[in-house]
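Hi everyone, thanks for making time. I'd like to walk you through one structure today, so let me put it on the screen.

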Amino acid sequence: MTTSNSPRKKLIEVALPLPEINDASAYDKMPGIGPHPKGIHQWWARLPLPTARAVLFASVVDDPESHPEKWPTETDQNAERERLFDIMRRMMAKKLHTAPEVYAEATAEMLAHCGGKLPAVFDPFSGGGSIPLEANRLGFEAHAGDLNPVAVLLNKCNLEIAPRWFDHPPSNPEDRNRIGGGEAWRGTQGLAADIRHYGATIRERAVERIGHLYPKIGLPKDFGGGEANVIAWIWVRTVASPNPAVRGKHVPLCSTYWLSNKKGAEVWLEPVIENEGWRFEIRRGQPKDRTGITKGLKAGRATFECLLTRDIIGNRYINEQAEEHKIEYRLVAIIGEGRRGRIYLPATQAHVDVSQVEPPEDILIEPASGTFAGNAVGLPYGFDQFRRYYTNRQLLGLSCLCNIIRDTADNIRRDALRGGLSDGDAVAYSNAVITFLGLGLDRSADFNNSLCRWSPSNQKVMNLFGRQAIPMVWDFAEANLLGDGIGSWITCVNYVADCVETIPVVNNTTGTADQIDAASGALKFTNLLVSTDPPYYDNIGYASLSDFFYVWLRQTVGGLYKELFSTLLVPKMTELTAAAERYAGDKTKAKEHFEGGFKKAFTELKTRMDHNFPLTVYYAFKQDDDDGEAELNDSGVIDLTTGWETLLEALISSGFQITGTWPVRASQKWRMVSMGTNSLASYIVLACRPRPGDAPQTASSQFRNELKRTLPAALRHLQQGNIAPVDFAQAALGPGMAIYSRYSRILESSGTQLSIRAAINIINQTLTEVLSEVEDEFDSDTRWSIAWYEQYGFSEGDFGDAEILSKAKVTSVSGLQQAGILLSRSGNVRLLRPDELSAEWDPQSDRRISVWSMTHHLLRLYHHLGAGDEATAALLRQLGSNGDAARDLAYRLFKLSEKKKLSQEAVGYNALVLGWPEIARLAREERAVPSPTQPDMFGRA
């Protein structure tokens, strides 16, 4: 109940339509979904737009419980929530930038809860800009703050630059001549048209200057003769053989010989040794030994076999050669665009010669130390300057484009003047177009460096930043910068233009983006709704990674934003991440910097907030499994004592209490989240309010009792939201810390205060107890199987031990064998793996059906056979209401797999839970029998 002196409870503090938010957010994170605001520039761990808009809406709209005068009964309140959910469901539609009426409906609803005026939204850690962008599109006055200049520029593009030219026609003469013909330029279409036009002009000028460096390739007669445009050149790095017998001859460091592994169109490189040297020939068709082609890598990471002597070339030797800049690279193949697809041709001396150019002087000489992150063994491989990420031709090509972009500014300004803009507006518009062309060059740099690989499955050049690191690539693909394929300038700049068209705001509103140190206390806004997705402890080094683009932005647009690009590289020391390398490896100092900075930031934000609205904080920290602080405790629970502890300490010690926690699934359905990967499947959204000054204190025993009383229902709520098992322990911290944070102090029996770290351990212990108690609801066969799995996994154990355990669980080994759960032979017993279960199993005729059997037959279909949603749903439909217990067991078994470090098993249980909403939805519907060409519900073709 809301009192007259307390703010009304918001929807985010009570209920959310999580399945729809999850589905929309997972889709938003998928690659290949077409133009999207995220496509204007690379950023790492970007928050899904549907999540951002849902949280903003639910932070403003009152929960019906706050208005008993309107909705007095629980039935009335649920009906009103459902109406609000329907609005949110419409907000989860794909390509929402094409449906302004949905944004308008959401804005009107929020205004009704705010007395006709929305609060200003502020994100102090705005990064890639998802929250401010969605705030702007929802009609808020949006403000973005970040210390990183690259992030600030991206937010300026979203909030200041693109909205300023909303509904503005293009200025270039080609498109302007069509304006009188009834051409309508809506939103940012005019701006995008100019980006495309001047991008094409820039390519024309680049071709005039350096086009001879990107020649066509002659085709042999069996390919029809003539010439073809080059898509990419394939290079392999070489190093002097450590064997003196070959007198220091260079040999290839090749990680794969595949050029195309598409079925029926296989193409690969075959090494040929001749005259004490080597070369590669192009082979086509089915190879005799596919395994030998898949990996040229031998004996381990960054360790190769000398092609001439068969000696092992170790990674330390390779790094020593690289540090002395003795690694070279050789052209081994050329890929052209044929009439019917890709054409793979051997290297020619002419194409080698034309690539041998002198690099431009004094470009990208900034030190790159600390940026080269995530390579296989932590070695820098000689990348001590940014110029070393590129071949000389790539440096020359990108530098040429930089110069032409800057020179194009006057042409754009003159065209804008002819189009009717004033002098000041013409300069501003020219700067806007140049800024987006600069982002196009950044995208080109992402595809045109010596760390891009060729994908033999997709048959295209892959960009460097496929993940939040810069990994080493030994055989690399050089895109045709002035061509028409993926990675070319024109493709990159046109894609940026396409993405600019997805930015439009509904109410033609603009926001602000400023370079702000959130921990400095220098905030200039008040009465704010604060929503933020802060850095995740030490998971992502944003400052170091964004240096890769910063050095190019200084070349293209640094003169337009002198306040942002005044430093040599991106500021590092003040960045709020726990980067131990910045403190000589001292993790304690790094943690103190992270925690202290966040405490200052949250303390300041509390004074700037409009307390009618909760603070919302996203977090997706995952502790590294090999970190000493992440060892399993006696209960098999990972002690999460770094990222979560420091964030919660900062929040709670600055006077906030947690009033709502929500898991939002951020991973794609196809992405299997495995143990050991430093990423989460879900964000945890925390809704927080200032803790009352008269908050009571309590004893730790009372805290434990409260946890035991309330946590089971909260965990069930998380499971219903389909939180991934891999994230379950961390998600459970939310409701546990909500109890902890409502008290001013929690005292141990000794009189000392219960620390957050101790509270986290108590929450983890309670979680384990709750999950264990679920077993009591399972049948005897399942309880035996869980206990056996906890000890042996799917390995063998002694028959006598199995028999003793069966008595304790009120079952029998022979009965378990008859039920198809285990195999007993030669005095040993083991559980059958899912892939060993019978394809003829029929749940309707099984007289001894168990939750264990149901779970693993579902797992067999869904994960091991890959039979798909509908086939798995058909089996779940036969299981009826008892099938829901299978998901509960999957949670429990994931926890046990994690404890026993059974990674593959954990991946399977995690995948089944992630796929459960769609499987359950299909199971509720009447479906036709699967097509004979598809596996039936038992995996039979």
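I'll start with the chain as a whole and then go through a few places in it.

First thing to keep in mind: this is a predicted model. The chain's average pLDDT is 86, and 89% of the residues score at least 70. If you go element by element, helix 13, residues 423-447, has the highest mean pLDDT at 98, while helix 9, residues 290-294, has the lowest at 62. Then there's residues 295-300, where pLDDT stays under 50; the model still has 15 contacts for them beyond four places in sequence. Residues 373-377 are also below 50, and that stretch has 14 contacts in the model beyond near neighbours in sequence.

Okay, overall make-up. We've got 27 helices and 26 strands. Of the 941 residues in the chain, 57% are buried. And if you take contacts between residues at least 6 apart in sequence, 73% of those join residues at least 24 apart.

Now, helix 19, which runs over residues 728-741. What about the length? With 14 residues at 1.5 Å a residue, helix 19 should span 20 Å, and the end C-alpha atoms are 20 Å apart, so that agrees.

Strand 8, residues 267-274, pairs with strand 9 over eight bridges, in the antiparallel sense. If you want a pair to click on, Glu-270 has Glu-281 in strand 9 as its bridge partner.

The other sheet is open too, with three strands in the order 24-26-25 and antiparallel pairing. Here the edges are strand 24, 797-798, and strand 25, 822-825; each has a single partner strand, so one side of each is left without a neighbour in the sheet. Strand 25 pairs with strand 26, residues 828-831, over four bridges in the antiparallel sense. Look for Ser-824, which stands opposite Val-829 in strand 26. Packing on this sheet is helix 21, residues 780-792, which touches strand 24, strand 25 and strand 26. The direction of helix 21 makes about 105 degrees with that of strand 26.

Glu-575 is in the loop between helix 15, 542-556, and helix 16, 587-608. Buried or exposed? Its relative accessibility is 9%, and the cut-off for buried is under 20%, so Glu-575 counts as buried. Leaving aside neighbours within four places in sequence, Glu-575 is in contact with residues including Leu-147, Tyr-542, Arg-582 and His-593.

Then there's Ser-749, in the loop between strand 23, 745-747, and helix 20, 756-774. That residue has a relative accessible area of 83%, so Ser-749 is exposed. Which residue is 49 residues away along the chain, with its C-alpha atom 7.4 Å from that of Ser-749? That's Ser-700.

Key:
Residues numbered from 1 in each chain as written. Predicted model: local features only at pLDDT ≥ 70, side-chain atom pairs only at ≥ 80, totals over all residues. Heavy atoms only, no water. Helix = DSSP H or I, 4+ residues; strand = E, 2+ residues; numbered from the N terminus. Expected span 1.5 Å × (residues − 1). Pairing = 2+ DSSP bridges. pLDDT = per-residue confidence, 0-100. Contact = heavy atoms within 4.5 Å. Buried < 20%, exposed > 50% of the residue type's maximum accessible area, 1.4 Å probe, protein only. Axes fitted to C-alpha atoms, helices over the stretch in contact; angles between N-to-C directions.
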